[in-house]
Amino acid sequence: AAPGCAIRILQTAERIVPRLIAVASGKGGVGKSTLSTNLAVAMRRAGRAAGLVDADIYGPSQPRLLGVEGVKPEAEGKKLVPTVGAGGVPFLSMGQLAAPGQAIAWRGPMAGQALSQLVDAVWGDVRDIVVDMPPGTGDIQLSMIQKHKPVGAVIVSTPQDLALMDATRAIAFFETAKVPIIGLVENMAGYVCPHCGEVSDPFGIGGAEAAARELGIPFLGRIPLDISIRTASDEGVPPALTDGPIGLAFGQIAGKVAS
Ligand code: ADP
């Protein structure tokens, strides 16, 4: 269609620009990647056209978590085409851009370009992209906020005071950049004994909910510390695909994030 032609205008208007939802934490190891995977899976289970970008240059784990390690994305012209992982989640990962087993040591501009390649890909009908952010507040976070403008951020923390202090810094970072905080998720809250089912609290419980109240941000829910989450995740089977209490918990959090 010629420029200005009605068909062309219609085509442009119909191109879906996906909304980016950043999943962030103050520090590593609190379950940010696990939550990102399971949010995307739960959103798809609920019928939403969700996808995922793994922007964690320090430890891109989504290819493993989504059960398709070692698969390189296809390209369409200059754009990448997302790989489809567990639960039908289309995703692109920093790990797919680096050589296997290699540490990613990109400086600011290169990391920013890599992020743009993942975000400005052929996302088709995907409407919501969950972005697994690197921990902390570095170059990728800045370029995400300045260039790609997420509609909101979900912050993950364990219930410990120290993790919560780091989470508070992450919250302040997004708030300064005027990215709305969708809410706080407490992960590894309450250890479920795999033998007797008894629940104990190695990291305490409820710390994140209290912190959310103090900070005036929504509390989205908690995920227990459960060995089955780690084993299933390691095998590339996201627990959000199951119908048990853990699948339900992820589903409820995803419902709040998507609304
Ligand atoms: P992050 O992205 O914050 O670095 P990950 O999602 O990679 O954290 O989680 C770190 C480790 O903890 C992984 O081995 C993961 O399987 C495990 N893990 C995360 N959440 C839970 C949980 N609720 N119960 C048990 N293991 C968990």
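Author: Let's start with the elements: helices (H or I, at least four residues) and strands (E, at least two) are DSSP runs, numbered from the N terminus. This is a predicted model, in which local features need pLDDT of at least 70 and side-chain atom pairs count only at pLDDT 80 or more, while totals for chains, interfaces and linings use all residues. Residues are numbered from 1 along each chain as its sequence is written.

Reader: Which elements each supply at least two residues of the shell around the ligand?

Author: A residue is near a molecule if its C-beta atom, placed from the backbone, lies within 6 Å of it. Here helix 2 (32-45), strand 9 (181-192), strand 11 (219-225) and helix 9 (227-234) each provide at least two. The ligand is surrounded by 17 residues, the closest being Gly 31, Lys 32, Ser 33, Thr 34 and Arg 230.

Reader: What does UniProt place at Ser 33?

Author: An unreviewed UniProt entry gives the feature "binding site" at Gly 26, Lys 27, Gly 28, Gly 29, Val 30, Gly 31, Lys 32 and Ser 33. UniProt positions follow the numbering used here, feature names are shortened, and annotations may be inferred rather than shown by experiment.

Reader: Is Ser 33 buried or exposed?

Author: A residue is buried if 20 or more other C-beta atoms lie within 10 Å of its own, exposed if 12 or fewer, and partly exposed in between, with C-beta atoms placed from the backbone. Ser 33, in helix 2, counts as buried because it has 26 C-beta neighbours inside 10 Å. Lys 27 sits in the loop between strand 1 (19-25) and helix 2, and is partly exposed, with 17 other C-beta atoms within 10 Å.

Reader: Which residues does Lys 27 touch?

Author: Two residues are in contact if their C-beta atoms, placed from the backbone, lie within 7 Å. Not counting residues up to four places away in sequence, Lys 27 touches Pro 135, Gly 136, Ala 163 and Asp 166.

Reader: Where do the buried residues of helix 8 fall?

Author: An α-helix has 3.6 residues a turn, so residues three or four places apart point the same way. In helix 8 (residues 207-215), the residues Gly 207, Ala 208, Ala 211 and Ala 212 are buried. Viewed down the axis of helix 8, its buried residues fall within an arc of 130°, so they line one face; the arc is that of the directions from the helix axis to the C-beta atoms. Arg 213 and Glu 214, on the other side of helix 8, are exposed.
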